[in-house]
Amino acid sequence: MDSRELEKLKKEALDARVKIIREIASFGSGHIGGSMSVVEVLTYLYYHEMNIDPSRPDWPERDRLVISKGHSGPALYAMLAKKGYFDESMLSTLNQGGTRLPSHADMTKTPGVDFTAGSLGQGISAAVGIALGQKIRGCDAYTYAIVGDGESQEGEVWEAAEAAGAWHLNRLIAFTDINGQQLDDYTENIIPMHKLDQRYDSFGWNTVEVENGHDFEQIAAAIAKAKEEKTRPTMILLHTVKSYGYIPGEGIKANHSMPVSKEKAEEAIAALLEREGGKA
Amino acid sequence: MKDTSVYENYRDAVVGSIIDLAKVHDDIVVLDSDLSSCLGTTEFQKEFPDRFYNCGIAEANMAAVAGGLSSVGLTPFIHSFGCFASRRMYDQVFISIGYAHRTVHIVGTDPGITAQYNGGTHMPFEDIALMRQIPGLIIYEPSDIRSLYELVQQVYATGQSSYLRTPRKGSTRRYGDDVEIRLGKAITVRDGSDLTIIATGVHLVSEAEKAAAALEAKGVSTRVIDLHTIRPLDAETITKAAAETGRLLICENGRYPGGTGEMISALLFKEGISAKVDFINVGERFGEVGSLSYLAETFGMTADNMVKKAEALM
């Protein structure tokens, strides 16, 4: 990746973060933690990797993304708005009655959302179904999915994993957003998700560790490796920081869903821009 | 019209109907959950090896995988025993199929007491109530080989998701080519003016026919309705029967709450039709192991019990 491309991606990610904070603040609260932790992977997929056409969200041959941790909807919406799937002004309708942007990603409501999620564990199964369906159809498109580390406590994640491994779905590239936290506490204090690399390896997946899930070059290298794989699905283990970029939520336990007033949002954005040395 | 006499039993008719659809429609795929030799989806696999996947003993994943398949333009038929096809994968059916507006056809075999020797763990009595909570989902339970074959064809044509309740074993042939089989339209198997028995599924419709003959001999003119489509409910045929005969005996191989008995009672109340009504169902009991005849006796799903209840209504 050249430095210009890297700078462009960083700028888009920063802009996405600002939009997500304002989007959640427009409602007054929301799933800020798990939205902020996936910004880089979403930015990379939408701005660099996925074969998509925002003017044709139903294009059958497109690459698809399933946000299995459906509560990251606000991050996905900011990205889709930026890409032109719908007008950016729609972001301020998040969770309002009649909105097309519900807290959890919904394919029947939002242009560009490839599958509905919200009941944890199901999205990864659906992504396996999509990847399998593309194989049956003889379509070369890639299917991407983002699973949470807390979500991986759901047994269904492992049912999906064993099926994808057995069916050799090498065009399925999934990520686990390992931000180390879940609603109640640090994942370590609830049900620890140890050795995910070995778990996926034993389920017949190619596994790639990304030590810093906010680093575009590491994400790029991991996806490149995934695309070399000829027989196995790939799980990219993204080590992230929950609430990364929404500074009031960084490093605290209760950052899954937080109240975010408009005033607080602007303070947080100013602090973020200062830290990142950028402009929104 | 398809010659369904080639099918030896219900399982052959279900799979045969899906195979016939798949010959014409290349969107059809079949998923099973380690029960393909039980239903015979292995026959589908032989004909369409690239359109069959065995998901193993992981029903919840199978249902959401089916939702994913549907989102790329494929139409999955997925199979498990009715207990697992309803209770075990309910949230996946609800969210990844129903709420996500996907089209998936669920085949739930061995409904109610037809689970026989697999016993209480395998005996779905509540599947109708569960599936009724999912908006737009068709629920059907045909009572013979021909109607089973035909209704699978018709359900596919609707483009809506569905839940099929069917036994695998047995070969009742109730309807000749002269009887119209239409999804959503109950069949009046026999006419009568004093009382109507509404029954669903092979076993109960057969028992209802026997009961009607016995009642006729006692001077009670008995109508028998085969309610093969549970949802959408054929309100017209039911309200007409209630108004004309004034007495209904509603028989289901399942539980009352959320089942056909409760559904029909609510319909009559809403329409302001007063009729004397009684029910045959499993009540507050769990299932248990046994032969079909033992279980029918235990749960009162017999012609004799129907006659007794009908006489009490007179």
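Predicted model: local features only at pLDDT ≥ 70, side-chain atom pairs only at ≥ 80, totals over all residues.
Buried area here is the accessible area that two parts lose on being put together, summed over both.

**Close-up 1. Where chain A meets chain B.** Three residues stand out on the chain A side: A:Q122, A:I136 and A:W167 supply 26% of the area that chain A buries against chain B, more than any other three residues. As for who touches whom, 26 residues of chain A are in contact with 26 residues of chain B.

**Close-up 2. Helices α1 and α8 of chain B, packed together.** Helix α1 (residues 10-24) and helix α8 (residues 145-158) of chain B pack at an angle of about 30°, their axes 9 Å apart. The crossing of α1(B) and α8(B) is right-handed. From α1(B), the residues making the contact include B:Y10, B:A13, B:V14 and B:L21, and they meet a set on α8(B) that includes B:L148, B:Y149, B:V152 and B:Y156. Sort the contact of α1(B) with α8(B) by class and you get 10 nonpolar, 3 polar and 1 charged residues.

**Close-up 3. B:S33 and its surroundings.** B:S33 sits in the loop between β1 (28-32) and α2 (36-39) of chain B. With a relative accessible area of 2%, B:S33 counts as buried, because the cut-off for that is under 20%. Leaving out residues up to four places away in sequence, B:S33 touches B:N54, B:G56, B:E59, B:M62, B:H79 and B:S80. In the case of B:H79, the backbone oxygen lies 2.9 Å from a polar atom of the B:S33 side chain.

How values were computed:
Residues numbered from 1 in each chain as written. Chains lettered and ligands numbered in written order. Heavy atoms only, no water. Axes fitted to C-alpha atoms, helices over the stretch in contact; angles between N-to-C directions. Helix = DSSP H or I, 4+ residues; strand = E, 2+ residues; numbered from the N terminus. Left-handed = near helix turned anticlockwise from the far one by under 90°. Contact = heavy atoms within 4.5 Å. Nonpolar A, V, L, I, M, F, W, Y, C, P; charged D, E, K, R; others polar. Buried < 20%, exposed > 50% of the residue type's maximum accessible area, 1.4 Å probe, protein only. Polar contact = N/O pair within 3.5 Å; in protein donor to acceptor, adjacent residues only side chain to side chain. Buried area = accessible area lost by both parts, 1.4 Å probe.
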